[in-house]
Amino acid sequence: MITYREFLAELSEHADEGYRDFHKKLLKNDSINVLGVRIPQMRKIAKKYVGEIDNILTFPDEYYDVTFIKLAAVSYLKWEKFICYVDYCVKLIDNWATCDCFTPKCIERHREEFLPYIEKYLKVDSEFYQRFALTTLLHYYCGAEYAEYIFDSIKRADTDYYYVHMAAAWLVAEMLVKDYQNTVNFLLQTPLNKKTHNKAIQKACESYRLSAEQKTYLKQIKR
């Protein structure tokens with residue numbers, strides 16, 4: 001069973017100083033310590049230690065890379081085990097990158113069973129609990145089947161938090177691709193925060209998956 005010191009030594013072998021400095025700037029949080037291991041390598045390491053999940057979860061969260069690998073390892077678990085760790089994992093999220101990369105594949109086959117967790121996280125007055133709820137909807141629920149729940153979730157999310165605002169805009173933009181007319185109606189009928197409304201339209205118009213005609217109309221309904 002690997003020790004924390006041995007684990008850090010392994011990560012240090014893959015650390016890239018230039019990437020560390022670049023990624024630290026992207027995180028926009030000087031308090032986060034980064035070793036500089038690239039995401040594909042962290043995922044590879046996470047797979048290696050899935051069998052030691054209870055051990056690596058005891059390691060301190062003093063480095064972004066360590067926390068990322070913890071969450072990645074949990075995301076590779078089967079549903080029955082994953083669901084035992086998800087609350088612990090969401091509590092560890094303190095930046096957009098860790099949040100957006102925590103995409104447990106098992107949720108896709110258990111979407112109805114996971115909805116109560118999304119609901120629970122949306123109700124927490126925390127920027128990254130709510131962002132995780134919205135990004136999970138984006139990854140696994142986008143489309144007509146869950147449209148009404150997604151729209152309701154966006155309305156209830158606290159978009160005064162910057163990273164919740166950005167996630168909500170991203171989610172609306174994706175819904176415009178997956179269920180265009182229904183989402184346009186949502187934008188027309190819902191008094192979304194102005195900045196989120198306009199950011200959603202901006203992100204949708206940057207997509208190659210919408211037609212020029214659709215983009216022209218969306219620009220007309222910006223506030």
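1. Let's start with Phe 82 and Phe 114: both are buried in this predicted model. Their rings form a tilted aromatic pair, with 6.2 Å from centre to centre and 40° between the planes. Phe 82 sits in helix 6 (residues 79-92) and Phe 114 in helix 8 (residues 111-122), so the pair ties together parts of the chain that are 32 residues apart in sequence.

2. Ring pairs join Phe 82 and Phe 114 with Trp 79, Phe 102, Tyr 117, Tyr 121, Tyr 129 and Phe 132 in a cluster.

3. How many aromatic pairs does the structure hold? The count comes to 17. One of them is Phe 7 with Phe 59, again tilted, at 5.2 Å centre to centre and with 45° between the planes. This pair links distant parts of the chain, 52 residues apart: Phe 7 is in helix 1 (residues 4-13), while Phe 59 is in the loop between helix 4 (53-56) and helix 5 (64-75). Both Phe 7 and Phe 59 are buried.

4. Now have a look at helix 11 (residues 162-178). Its 17 residues reach 24 Å from the first C-alpha to the last, close to the 24 Å expected at 1.5 Å a residue. Of those 17 residues, 13 are buried, so helix 11 is largely enclosed by the rest of the structure.

5. Helix 11 matters for the next point too, the largest pocket. The volume of that pocket is about 220 Å³. Which helix gives the most to its lining? That is helix 11, with 5 residues. Helix 7 (96-101) and helix 11 each supply at least two residues of the lining.

6. If you want to find the largest pocket on screen, the residues lining it include Leu 26, Lys 28, Trp 96, Asp 100, Arg 131 and Lys 203. Tyr 162, Tyr 163, Met 166, Ala 167 and Trp 170 are also among the lining residues. By type, the lining splits into 7 nonpolar and 4 charged residues, with no polar ones.

7. Last, the cysteines. Searching the whole structure turns up 0 disulfides. Cys 99 is in no disulfide, and the nearest cysteine sulfur to it, that of Cys 101, is 9.2 Å away. A disulfide needs the two sulfur atoms within 2.5 Å. Is Cys 99 buried or exposed? With a relative accessibility of 1%, Cys 99 counts as buried, because the cut-off for buried is under 20%.

Notes. Residues numbered from 1 in each chain as written. Predicted model: local features only at pLDDT ≥ 70, side-chain atom pairs only at ≥ 80, totals over all residues. Heavy atoms only, no water. Phe/Tyr/Trp six-rings, centres within 6.5 Å; stacked < 30°, edge-to-face > 60°. Helix = DSSP H or I, 4+ residues; strand = E, 2+ residues; numbered from the N terminus. Buried < 20%, exposed > 50% of the residue type's maximum accessible area, 1.4 Å probe, protein only. Expected span 1.5 Å × (residues − 1). 1 Å grid on protein atoms, 1.4 Å probe; cavity = no way out; pocket = protein on both sides within 12 Å on 5 of 7 lines; lining within 4 Å. Points joined across faces, edges and corners; volume = space filled by probe spheres on them. Nonpolar A, V, L, I, M, F, W, Y, C, P; charged D, E, K, R; others polar.
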